Amino acid sequence: MAFIKPDLSEVQAPITPGEYKVRVVGSEVGEWTGKDGKPNTPYINWILETIGGEKPADNGRKIWHRTPVAGKGAFKFANFYKATTGQTYERGQGFDTEMLMGRELAVIVDITAEGYTEIKGEKAIN
């Protein structure tokens with residue numbers, strides 16, 4: 001066993017449900033392992049940062065948003081792409097995640113029963 005003294009001084013309260021303006025600041029490509037004979041599902045884990053909030057505490061918060069890029073859930077990527085670019089993603093075209101870095105959109109945030117942040121929807125900023 002090891003004795004440690006955790007420092008929780010920088011921990012922020014969870015983000016509250018609502019609509020937030022965000023900027024895409026990063027991404028990571030990953031893959032969920034398929035279960036019950038289903039294939040693995042590739043996804044992009046977007047890193048978003050809240051901006052333009054009325055309260056200073058609502059700015060600079062990180063939100064992670066996974067969008068599958070294959071299978072039935074790929075509509076989440078298509079919705080994210082459209083909200084971020086204003087354009088419909090054309091099937092079969094290549095995609096570089098760097099294309100969306102720095103782009104802004106609005107997201108609707110909710111909290112799951114387990115206490116995790118979940119994005120329920122995205123929309124373009126007019």
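Visitor: What should I know about the numbers first?
Guide: Residues count from 1 along each chain as its sequence is written, and side-chain values use heavy atoms, without hydrogens and water. The model is predicted, so local features need pLDDT of at least 70 and side-chain atom pairs count only at pLDDT 80 or more, while totals for chains, interfaces and linings use all residues.

Visitor: What's the strand order in the sheet?
Guide: S3-S2-S1-S4-S5, an open sheet of five strands with antiparallel pairing. Strands are DSSP runs of E, at least two residues; helices are runs of H or I, at least four; both are numbered from the N terminus. Two strands pair if DSSP finds at least two bridges between them.

Visitor: Which are the edge strands?
Guide: S3 (62-68) and S5 (117-123). Each pairs on one side only.

Visitor: How many bridges join S1 and S2?
Guide: Eleven, linking residues 18-32 and 41-51 in the antiparallel sense. Gly 26 has Ile 47 in S2 as its bridge partner.

Visitor: Where does helix H1 lie?
Guide: H1 (residues 75-85) lies across S1, S2, S3, S4 (104-111) and S5. It runs at about 125° to S3. Axes are lines fitted to C-alpha atoms, for helices over the stretch in contact, and angles run from 0 to 180 degrees between N-to-C directions.

Visitor: New topic. Glu 104: which strand is it in?
Guide: Strand S4. Glu 104 counts as partly exposed, because its relative accessibility is 30%. Buried means under 20% relative accessible area, exposed over 50%, partly exposed in between (1.4 Å probe, protein chains only).

Visitor: What does the Glu 104 side chain join by a polar contact?
Guide: The side chain of Arg 23, at 2.7 Å. A polar contact is a pair of N or O atoms within 3.5 Å; within protein, one must be able to donate a hydrogen and the other to accept it, and residues adjacent in sequence count only if both atoms are side-chain atoms.

Visitor: How many aromatic pairs are there?
Guide: Nine. Phe 77 and Tyr 81 make a tilted pair, because their ring centres are 6.0 Å apart and their planes at 40°. Rings of Phe, Tyr and Trp (its six-membered ring) pair with centres within 6.5 Å; planes under 30 degrees apart count as stacked, over 60 as edge-to-face, the rest as tilted.

Visitor: Are Phe 77 and Tyr 81 buried or exposed?
Guide: Both are buried. They lie in H1, four residues apart, about one turn of the helix.

Technical notes
Contact means heavy atoms within 4.5 Å.
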